[in-house]
Amino acid sequence: MFLGKQEHLLSYNGEVLIFQLSKPKHVEGAADKTMNLCVRRMSFNRDTKLFVQKSSGLFSMRASHLKIEIICCSCATDSRTGIILPCILMKKKKRNNVFRYLLLLLHGSNQFEQSFYFKLDYELKEDIRLFTGPSVLWRHANKLFYISSDTCTVLSAPVQLSSVVWTGEIADEGTVVLGTGTACLPESEDEDEFSTSDRAIWGSEFFGYAVKTQKMLTGTCFMPHAYSRVVSSVYVCKNEISKKQLRISLVAITHKNQLIWFQDGLPKGVCELPYEKPCSVKTAVTSSSDLLFIVSFASGNICVVQRRDSLQVASKWQKVKSVLVDDFTGSGSEQLLLVLKDDSNTEVLSTFILTDLGEVNYASGINYKHDVPAAEGLQENGLLTVQALETRLQAGCTSVRELQQHLRLKKKVILESCRALIDLVEERTRILPTAKEVKCRGEYRSLLNSAEPFEGLVSLWDDVENPPHSLSKETSLASKVPEHFIEKLWQRVVGDSLVVGVELTASFYLSLSDVSLSLVMDQDFSLISPVIKCRNKIIKLNKAFSALSVSSCQIEPPPKKMKLDLHSKNDLKKEFPKRCSQVQLDGAKTVIAVTSLSPLLAFHHVCCVVLLHAKKQKRQNDSLQESKNITVLCGKIFLSLEDISNGKYSVKMLRDNSYCTGSMEDILAVLAVSVRFSFQIVSSGCTLTPVNSWLLGEMECTPFKECHDSIFCHKAGNVYGTVFNWTLKNPFEGVLTLFCRNLTVLFQCLHSLSRVLPPSCDVKLLRSGSKSILTEQLALALEKEILILRSSFFSKESKAENSLTWGNEPGKKISDVPVASLLDSEEGVQQFRKKLQNEREESVLSMNQTMNGALYQEIALKIAEAQLSSDMIVWRLS
């Protein structure tokens with residue numbers, strides 16, 4: 001560069017600082033005695049994709065008979081404020097070979113500050129570095145010198161070195177200079193043998209020198225001494241103190257045109273460089289979290305080495321004037337700015353390349369606004385989107401691992417609970433390990449370095465000698481339940497569904513709303529849960545075959561959802577009042593479980609335990625009831641592929657003399673896998689005789705032999721197997737009930753029916769049952785709600801009165817003592833006043849009675865349960 005216009009580039013906070021040294025314009029009659037140092041702040045414009053000037057500053061120096069040059073510029077920490085500021089080292093050459101050096105600081109307001117200056121009788125040429133202070137360090141005649149803003153005095157380090165390869169900050173040591181020098185072999189035998197032999201062979205060694213503490217650091221923690229003759233520049237990527245030991249990761253370039261990665265003093269990778277004479281190396285962290293090594297060569301070439309599975313040259317450029325690393329686009333990651341040499345244009349930053357070898361790729365001379373308008377938005381937002389997605393992906397992976405661990409533990413709890421339930425019903429004793437045993441086994445497994453942590457399940461009461469009363473009482477209740485409730489256990493296969501039914505005896509007096517079935521696999525499978533997922537239905541058939549089914553998958557009304565959820569199970573129940581008509585109570589009651597068949601057939605042979613769960617209620621204090629859960633073992637069912645292939649459990653619906661010969665189990669199985677829909681059909685002008693003709697004719701239905709009111713559809717196609725029930729209230733009004741497999745079959749049936757109905761007919765979907773039955777059920781539910789409210793109030797009054805104490809002598813009041821005898825003397829009057837005051841206070845206490853928390857919770861649950869039942873019926877009537 002010529003004296004009239006020197007240029008140095010420096011990146012600072014995403015901006016490019018251009019320092020130029022030039023003489024001011026000559027004015028006639030004025031002496032040329034000054035030199036101007038100008039700075040221009042250039043920022044990247046995301047719209048034009050060019051660097052534009054943001055601001056500028058000026059510093060004037062007297063230059064009479066002096067030669068001024070910019071030696072170097074860098075960013076260093078100001079020890080006064082801790083802020084990193086741009087620093088510029090200037091040189092003024094005087095007469096008699098005296099050199100004056102000036103260090104300037106540039107502030108955010110573009111104002112220059114003179115930090116310090118010093119004079120030398122020689123010129124700085126070798127290994128000049130700027131570091132924290134700000135301070136200046138250099139090497140001269142194999143000696144190390146430095147000066148800082150605190151001392152303003154040139155100091156000499158007591159070391160002899162032939163080169164400085166790196167200067168920077170090291171944990172707990174401050175500023176450290178890493179260099180090479182002639183090996184000094186120790187006289188003692190305490191030194192490491194390998195280090196000593198290494199230095200003896202190569203005749204040189206690495207060493208680190210802490211400037212502040214004047215402490216010598218062992219060079220082998222950086223790299224072996226064998227590399228001391230070939231390494232020309234080093235960049236320390238990471239340093240930390242771990243277990244009181246310094247751990248360092250660095251990359252070095254050599255005279256052999258190699259880039260070597262060192263970890264804790266040992267080489268971990270090497271890469272051949274594409275050009276000769278590498279002179280410096282720096283790093284960049286891009287948007288994809290890749291660590292890039294930028295190597296500069298003396299010829300003006302640049303190459304980038306990428307570190308993934310191995311060190312590889314990712315890209316290279318030629319004729320590069322300067323390379324800067326910073327976040328120029330404001331995306332949160334670093335990019336490379338390559339300022340190219342251009343003889344045709346003298347303007348700085350006129351020819352450049354801005355890239356991160358990924359999403360960001362800009363170059364001068366391209367009109368992005370007109371050439372690629374569609375990619376502009378992607379270029380600006382793509383990087384931020386990728387970063388956000390990577391963060392979400394990492395968080396998602398962590399959540400998945402936590403969920404997997406939670407599911408494994410949950411699975412173990414379910415397996416142990418199922419085994420304990422089966423043993424409880426079959427009256428087998430199951431002993432879980434104690435917490436102490438589990439802890440011992442866990443410690444033993446940790447000694448064996450097990451890959452998986454031990455997760456033991458223990459009883460909640462195994463540290464207590466006598467289990468709680470409720471547990472022992474529940475266990476005895478489950479084992480002493482009489483088995484004569486169960487009349488029959490059967491199973492059927494309908495399509496891809498397995499239907500298991502339990503017929504209850506007439507003596508079964510429990511509420512059907514509290515009855516359910518569970519299917520538990522009897523085999524010991526360690527990889528799957530033994531509990532089979534199924535849905536329950538309760539079917540009551542009276543003598544006229546009026547089927548009422550309760551399904552766990554029915555939709556519930558919004559008011560029910562908003563109220564208190566009792567024991568988290570009421571959303572799966574539809575309660576039937578106990579005071580139903582006598583015809584329904586005399587009918588058969590069957591509890592049915594329906595589950596998918598294909599997962600069970602994967603085991604070829606399956607044995608399942610059938611458990612009946614019910615709630616037994618004991619009446620106390622009029623309508624207050626105490627509920628107890630009971631479990632009854634109904635038996636076992638066996639299933640195999642051979643039985644399915646032979647049709648052993650298939651439903652058989654055949655025609656015999658215009659009747660359907662299906663058994664009661666077959667009928668219940670078909671109803672269980674079907675969805676029930678009821679329609680009210682009203683005709684104002686014509687009778688509904690065509691409906692019966694449509695069922696027996698077009699739909700090819702035949703009545704069941706055991707109950708003529710319901711008929712089975714034998715028509716080929718999707719509608720086969722549909723069950724109809726047609727009830728006429730009068731010739732102009734009737735209710736048609738369909739039990740079909742899915743909605744497609746329902747639509748086909750309704751479409752066929754619409755062609756035979758008169759145009760004046762009105763068809764309305766009934767949600768559940770007839771209006772008269774629901775009205776009766778609503779009256780019973782409201783009556784039950786009132787009784788619970790009344791009984792709960794009286795229970796509260798009685799319990800509160802029993803817990804209240806009147807005075808020091810219970811039961812005694814003022815009226816029990818003769819008043820005249822108390823008023824005869826002054827002491828009697830005082831005693832009367834005292835007793836009157838006590839009675840007033842007790843009266844106030846009786847008016848402000850409090851209720852026990854457990855009593856309040858019990859009353860609130862019973863009231864909410866009654867309100868849920870009435871809300872359900874009101875929703876059905878609406």
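Visitor: W317, buried or exposed?
Guide: W317 is buried, at 14% relative accessible area; buried means under 20%, exposed over 50% and partly exposed in between, with a 1.4 Å probe and protein chains only. This is a predicted model, where local features need pLDDT of at least 70 and side-chain atom pairs count only at pLDDT 80 or more, while totals for chains, interfaces and linings use all residues. Residues are numbered from 1 along each chain as its sequence is written, and side-chain values use heavy atoms, with hydrogens and water left out.

Visitor: Which strand is W317 in?
Guide: Strand β24, residues 311-317. Strands here are DSSP runs of E, at least two residues, numbered from the N terminus.

Visitor: And what does W317 touch, not counting residues up to four places away in sequence?
Guide: Y275, N301, I302, V304, L338, I353, T355 and L357, contact meaning heavy atoms within 4.5 Å.

Visitor: Changing topic: what order do the strands of the open sheet with β5 take?
Guide: The order is β5-β6-β7-β8, with antiparallel pairing; two strands pair if DSSP finds at least two bridges between them.

Visitor: Which strands stand at the edges?
Guide: β5 (67-77) and β8 (112-120) do; each has a single partner strand, so one side of each lacks a neighbour in the sheet.

Visitor: How many bridges join β5 to β6?
Guide: 10, and β6 covers residues 84-93. I70 has M90 in β6 as its bridge partner.

How values were computed:
Helices (H or I, at least four residues) and strands (E, at least two) are DSSP runs, numbered from the N terminus.
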